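This briefing concerns the pocket and the nonpolar cores of one protein model. Please keep the sequence and the structure in view while reading.

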Amino acid sequence: MDEVIVGHTADLDPEELAEAHRLLEDVFGEELKDTDWSHALGGMHALVWERAELVGHASVVTRRLMHRGRVYRTGYVEAVAVDPAYQGRGFAAAMMDELERIVRGAYELGALGATEMAMGFYAARGWQLWRGPTSAISPDGVMPTPWEDGSIYVFPVTSALDLDGELTCDWREGDVW
């Protein structure tokens with residue numbers, strides 16, 4: 001690994017952002033929607049370079065999650081991807097080291113939605129599976145999101161949480177989690 005670059009969306013070169021978007025399209029294919037890319041913008045990015053080639057991307061953005069009547073300033077991890085040819089070489093761990101440092105320093109809580117394949121990776125890093133029901137604050141009120149149950153992980157920083165309670169996210173277009 002040549003280096004991990006950490007920077008805010010506003011500080012990254014448009015070509016770097018375009019390369020990151022292409023990497024996500026290559027890794028996730030048709031599953032990646034325009035809103036998924038949009039969700040990854042506006043926060044801090046970790047980019048992994050290998051011989052001048054972008055091989056990994058992850059970002060953390062600010063969101064508000066609600067639990068037991070309290071709103072938490074949350075660092076929400078988005079768009080974690082490593083080129084398949086470079087997987088298994090510690091690149092995802094290097095990016096998460098940087099994002100977890102940001103979460104610990106700037107947020108009360110970290111959270112993410114994990115694919116089944118990545119669940120063991122996050123659990124091994126200390127992320128905790130949210131066991132309770134999930135929901136979203138929609139324009140029509142609180143809407144249950146049972147299709148997300150069992151795939152949300154949290155990284156408590158300043159507070160103990162009841163992992164069996166309800167966790168509610170703020171609204172956004174596309175996948176709310």
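**Pocket and cores**

With seven residues, β4 gives the most to the lining of the largest pocket; strands (E, at least two residues) and helices (H or I, at least four) are DSSP runs numbered from the N terminus. The model is predicted, with local features needing pLDDT of at least 70 and side-chain atom pairs pLDDT 80 or more, while totals for chains, interfaces and linings use all residues. Residues are numbered from 1 along each chain, and side-chain values use heavy atoms, without hydrogens and water.

**Largest pocket**

- The largest pocket holds about 1200 Å³ of space, the volume being that filled by probe spheres set on grid points joined across faces, edges and corners.
- A pocket is an open set of points on a 1 Å grid over the protein atoms alone where a 1.4 Å probe fits, with protein on both sides within 12 Å along at least five of seven lines; lining residues have an atom within 4 Å of a point.
- Of its 36 lining residues, Phe28, Val80, Gly113, Ala114 and Thr115 lie nearest the centre.
- The lining has 22 nonpolar, seven polar and seven charged residues, where Ala, Val, Leu, Ile, Met, Phe, Trp, Tyr, Cys and Pro count as nonpolar, Asp, Glu, Lys and Arg as charged, and the others as polar.

**Nonpolar cores**

- A nonpolar core joins buried Ala, Val, Leu, Ile, Met, Phe, Trp, Tyr and Cys residues through side-chain atoms within 4.5 Å; buried means under 20% relative accessible area (1.4 Å probe, protein chains only).
- In the largest core, of 23 residues, those touching the most other members are Val77, Met96, Leu99, Leu112, Tyr122, Trp127 and Tyr153.
- The largest share of this core, six residues, comes from α3.

Methods: Buried means under 20% relative accessible area, exposed over 50%, partly exposed in between (1.4 Å probe, protein chains only).
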